[in-house]
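Please open the structure in your viewer and keep the selection tool at hand.

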Amino acid sequence: MDEDRFHQLLHHFVEDLGATVGAGGVLIGDQLGLYRALATGAQLPDELAAATDTAPRYVEEWLRGQAAGGYVEYDAESGRFSMTEEQAFALTNPDGPVFLPGAFQLAIGSLKALPRVVDAFRTGEGIGWHEQDEDVFRGCERFFRPGYSASLVEAWLPALDGVEDKLRTGGTVADVGCGLGASTILMAEAYPEASFNGSDYHDHSIELARKNAADRGLAHRVGFEVAGADTFRGGPYDLVTTFDCLHDMGDPVATARHVKERLAEDGTWMVVEPFAGDSVQDNLNPVGRVYYSFSAFLCVPNAVSQGGARTLGAQAGEAAIRRVTEEAGFTRFRRAAETPFNIVYEVRP
């Protein structure tokens, strides 16, 4: 045995163990308002506890762990803890372009299904999205919405040929697999002349999406329906969107065929998928690790639960997505935009 390699493995293990347990600490900081209060200025543990109506000894231990993890700063001379501008930017604003607690909420929610996932590995059975913990639904929305907020209107839609012009003058949009409606609402706010219909097979998500739209004053022009990706209604649509969900479908080709049926003759399907290369070795990196791990707990089990004609998984890659669209009869496909976490494809009849 190579001792150096073994010690590298142990170092990796310690980092992973700290990150795993530390996920709970991030959610504590988010849910109790500790990050938001600390972002106002350097404080002693007792001061932060008083400001957040929490127990000082617990807060003291939380602060020490957060400082060890690099999420807050510690000044040994004064004994005070604080946050840098960057830490506050990423940890305190759920409506900003980056919000880390949402990702941890999704991760912890996913892990609650561990016993069922273990059984699924043994039996090959699926686990439907609707069977997951509530933190999966809410965490997923909080995880993806910041990235959509940063890129959807500013970069992704403008990258599509002629789509923005249609939306500015009253186009029609179907947001398929919309979850809690974050993507639907962002588009509706940006294009007040267009009409939007979000759909998802999960009735509880649609219930929350309707509430979110109403809270933003959009209920009169944004509709939501409980429907699968191969049964959503309406059209012909100028734009159909699928955000980080095509790879979750039990039969993505059937979904693609239905999208094609509902599109206008000159319509566009915007497919947003997790960033991935076409081969396994292309994805053996930190981003790939995140997506493969989520995929084993969420994406593949959901696809299997829906029949699993082709379980793409969250790291399908461009070639696999292109094949799905071609089999469904689409003739035009291109990579229109990308970020470190997503690739945007423009698909047309």
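Contact, a term needed throughout this tour, means heavy atoms within 4.5 Å. The model is a predicted one, in which local features need pLDDT of at least 70 and side-chain atom pairs count only at pLDDT 80 or more, while totals for chains, interfaces and linings use all residues. Residues are numbered from 1 along each chain as its sequence is written, and side-chain values use heavy atoms, with hydrogens and water left out.

**The whole protein**

Begin with the entire chain displayed as a cartoon. The secondary structure comprises 14 helices and 9 strands; helices (H or I, at least four residues) and strands (E, at least two) are DSSP runs, numbered from the N terminus. Along its principal axes, the C-alpha trace spans about 70 × 55 × 30 Å. Of the 349 residues, 49% are buried, where buried means under 20% relative accessible area, exposed over 50%, and partly exposed in between (1.4 Å probe, protein chains only). Among contacts with a separation of 6 or more, 69% are made by residues 24 or more positions apart.

**Residues 170-275**

Next, select residues 170-275. The unreviewed UniProt entry places the feature "domain: Methyltransferase" here; UniProt positions are given in the numbering used here, feature names are shortened, and annotations may be inferred rather than shown by experiment. This span is 31% helix and 33% strand, and its end C-alpha atoms lie 31 Å apart.

**Helix α10**

Now select residues 182-190, which form helix α10. Why is this helix described as largely enclosed by the rest of the structure? The reason is that 7 of its 9 residues are buried. These are Ala 182, Ser 183, Thr 184, Ile 185, Leu 186, Met 187 and Ala 188. To see what covers them, display the helices α8 (134-156) and α11 (203-215), together with the strands β3 (172-176), β4 (195-200), β5 (222-226) and β6 (237-243), which are among the covering elements.

**Phe 143**

Remain with helix α8 and select Phe 143, which lies in it. Apart from neighbours within four places in sequence, Phe 143 is in contact with Gly 102, Ala 103, Leu 106 and Phe 294. Then select Arg 257: its C-alpha atom is separated by 29 Å from that of Phe 143, and the two residues are 114 residues apart along the chain.

**Gln 31**

Finally, select Gln 31 in helix α1 (residues 3-31). Is Gln 31 buried or exposed? Its relative accessibility is 58%, so Gln 31 counts as exposed.
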